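Subject: Structure handover

Hello,

I am passing on the structure below, together with some notes on what turned up in it. Please look it over before reading on.

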Amino acid sequence: MFRDVSSCNTYNYGDALYWDSRYIQEAGGAFDWYQRYSSLRPFVRRYVPTSSRVLMVGCGNALMSEDMVKDGYEDIMNIDISSVAIDMMRRKYEFVPQLKYMQMDVRDMSFFPDESFDSVMDKGTLDSLMCGTDAPISASRMLGEVSRLLKPGGTYMLITYGDPSARMPHLNRPAYGWNIFLYNLPRPDFKRPGGCSSTKSYLEPIPITEKGLLPADFVLEDPDSHFIYVCKKMDDTELRNMPTYPLTSEIL
């Protein structure tokens with residue numbers, strides 16, 4: 001019930017061997033999962049100052065970090081479980097000092113001290129773990145590490161296919177100390193039926209219920225759209241004043 005079988009196939013996306021093989025086959029290419037930076041820029045610029053020290057988890061061979069540097073970001077550490085991807089990207093950007101690359105498993109980022117980063121960016125990496133074996137354990141390990149690495153006031157930005165019923169049970173845990181804002185963004189190539197226009201603003205957060213779910217009257221224009229979870233790590237004062245809404249069995 002915790003594994004996202006609906007968005008998975010026969011590949012084990014949590015396995016380094018799968019990714020090594022894939023990046024060898026796609027040598028020299030670049031691929032951005034889900035959304036390109038141009039679509040995500042309003043959210044990134046709103047929550048992540050350009051002076052932030054950023055951790056890009058599961059960077060793969062995407063252009064996201066390069067685009068962020070072009071947009072003024074000064075310090076981005078990129079990690080991926082695939083040594084093939086890291087070696088390729090390290091060579092590609094060896095003369096771009098704002099970009100650094102390390103091979104690392106997001107479930108164990110003990111190389112970095114506590115509160116090392118102002119922001120952690122995740123475009124599909126948690127989704128990959130949710131397709132692997134021991135999905136809930138892998139997700140818990142990764143998110144625990146993300147929380148540990150974030151400075152108070154820092155943000156974990158998750159871009160995912162997972163709606164709140166699938167993601168909030170993992171994200172909304174008191175141990176992480178996150179205040180969560182939710183957005184929904186159609187796929188880049190989504191076209192409304194019949195050329196219909198929409199007055200909906202995707203830049204406004206969705207008012208999730210106390211149980212962490214979408215409002216009953218919320219309608220997805222694009223059934224295969226992406227959700228953006230902005231998880232802001234609260235400081236000690238905010239944590240003391242935070243009301244708690246325990247997740248119930250009907251959600252889990």
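A place to begin is Thr155, which stands opposite Lys232 in strand 7. Please keep in mind that this is a predicted model.

Strand 7

Strand 7 covers residues 226-233, and seven of its eight residues are buried, so the rest of the structure largely encloses this strand. Strand 5 (residues 150-160) is joined to strand 7 by six bridges, and the two run antiparallel. Strand 6 (residues 178-185) also runs antiparallel to strand 7, with eight bridges between them.

Aromatic pairs

There are ten aromatic pairs in the structure. In one of them, Tyr47 and Tyr183 have ring centres 6.3 Å apart and planes at 65°; the angle is over 60°, so the pair counts as edge-to-face. This pair links distant parts of the chain, since Tyr47 belongs to helix 2 (residues 37-47) and Tyr183 to strand 6, 136 residues apart.

Tyr156 and Trp178 form another pair, with 5.4 Å from centre to centre and 40° between the planes, which makes it tilted. Here the link is between strand 5, which holds Tyr156, and strand 6, which holds Trp178, 22 residues apart. Tyr156 is buried at 0% relative accessibility, and Trp178 is buried at 4%.

Ring pairs also link Phe43, Tyr47, Phe181 and Tyr183 into a cluster.

Asp71

Asp71 sits in the loop between helix 3 (64-70) and strand 2 (75-80). Is this residue buried or exposed? Its relative accessible area is 18%, and the limit for buried is under 20%, so Asp71 counts as buried. The Asp71 side chain makes a polar contact of 2.9 Å with the side chain of Arg41. Leaving aside residues up to four places away in sequence, Asp71 touches Tyr37, Arg41, Arg45 and Thr50.

The protein as a whole

The secondary structure consists of eight helices and seven strands. Of the 252 residues in the protein, 47% are buried. Among contacts with a separation of 6 or more, 74% are between residues 24 or more positions apart. The protein exposes about 12600 Å², with carbon and sulfur atoms supplying 53% of that area.

Regards

Technical notes:
Residues numbered from 1 in each chain as written. Predicted model: local features only at pLDDT ≥ 70, side-chain atom pairs only at ≥ 80, totals over all residues. Heavy atoms only, no water. Helix = DSSP H or I, 4+ residues; strand = E, 2+ residues; numbered from the N terminus. Buried < 20%, exposed > 50% of the residue type's maximum accessible area, 1.4 Å probe, protein only. Polar contact = N/O pair within 3.5 Å; in protein donor to acceptor, adjacent residues only side chain to side chain. Contact = heavy atoms within 4.5 Å. Areas by Shrake-Rupley, 256 points an atom, 1.4 Å probe, with all protein chains shown as cover. Pairing = 2+ DSSP bridges. Phe/Tyr/Trp six-rings, centres within 6.5 Å; stacked < 30°, edge-to-face > 60°.
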